[in-house]
Amino acid sequence: MAYTIPSLRLFKPSGSNFPFSTTKFTVTLHAASFSNRTSRLASNSMSQPAATDSSTISTPNDAPSPSENADVVVQYVVLRRDLIDTWPLGSVITQGCHASVSAVWSNKDDPITIDYCSPDKIDSMHKVTLEVKGEPQIKNLSEKLTSGGVIHKLWIEQPENIPTCLATKPYPKSIVSSYFKKLKLCK
């Protein structure tokens with residue numbers, strides 16, 4: 001599958017008048033380059049069949065078909081309802097931000113994450129913010145995601161050592177939505 005990453009800003013060495021240049025390149029992914037994690041994720045998806053080698057991810061240069069457009073790349077952020085009810089709202093939001101940034105940064109070399117954060121898409125990111133009841137539920141969700149091969153960050157607030165929230169790395173929605181279908185939107 002060919003995956004075009006639309007404009008990356010690359011640092012140019014000294015001697016140039018412009019510190020950055022914009023370039024486009026194509027990454028070719030082969031099924032063999034993915035670990036079993038990808039196939040386990042695809043098999044866990046209930047909303048759409050697993051992608052095949054002949055599928056492509058749309059880019060601004062392609063004319064996306066309705067099915068490609070429907071499988072949006074999302075990052076799931078899950079907060080604890082008990083903390084929302086007892087902590088200052090800003091503190092809870094900060095916890096979600098920590099988890100989200102950590103999950104993205106830890107996966108900064110992942111092609112889907114690169115595309116999700118590309119200059120062409122940075123202003124149209126998709127996040128779904130959900131809630132669980134408390135600490136046992138956030139730990140249980142983290143364990144399910146780990147056993148299913150879903151890469152995520154369980155944020156542990158220090159020095160208190162409190163698991164406050166979690167965030168996935170960006171994924172096509174069809175791959176991970178089944179893990180979150182029973183959770184409520186955070187309100």
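**Note on helix H6 and the second largest pocket**

1. Helix H6 (residues 135-147) supplies the largest share of the lining of the second largest pocket, 4 residues. The model is predicted, and the points below should be read with that in mind.

2. The space in this second largest pocket comes to about 280 Å³. Its lining consists of Val132, Gln137, Asn140, Leu141, Lys144, Ser178, Tyr179, Lys181, Lys182 and Leu183. By class, the lining residues of the second largest pocket are 4 nonpolar, 3 polar and 3 charged.

3. The length of H6 agrees with expectation, because its 13 residues at 1.5 Å a residue should span 18 Å and its end C-alpha atoms lie 18 Å apart.

4. Which residues of H6 are buried? They are Ile138, Leu141, Ser142 and Leu145. These residues cover an arc of only 100° around the axis, so they sit on the same side of H6.

5. What covers the buried residues of H6? The cover includes four strands: S3 (73-80), S4 (127-132), S5 (152-157) and S6 (162-168).

6. On the face of H6 turned away from its buried side are the exposed residues Pro136, Glu143 and Ser147.

7. Just after H6, Gly149 has a positive phi of about 80°.

How values were computed
Residues are numbered from 1 along each chain as its sequence is written. This is a predicted model: local features need pLDDT of at least 70, side-chain atom pairs count only at pLDDT 80 or more; totals for chains, interfaces and linings use all residues. Side-chain values use heavy atoms; hydrogens and water are left out. On a 1 Å grid over the protein atoms alone, a cavity is a set of points where a 1.4 Å probe fits but cannot get out, and a pocket is an open set with protein on both sides within 12 Å along at least five of seven lines; lining residues have an atom within 4 Å of a point. Grid points are joined across faces, edges and corners, and a volume is the space filled by probe spheres set on the points. Helices (H or I, at least four residues) and strands (E, at least two) are DSSP runs, numbered from the N terminus. Ala, Val, Leu, Ile, Met, Phe, Trp, Tyr, Cys and Pro count as nonpolar, Asp, Glu, Lys and Arg as charged, and the others, Gly among them, as polar. The expected span of a helix is 1.5 Å times one less than its number of residues. Buried means under 20% relative accessible area, exposed over 50%, partly exposed in between (1.4 Å probe, protein chains only). The arc is that of the directions from the helix axis to the C-beta atoms. Contact means heavy atoms within 4.5 Å.
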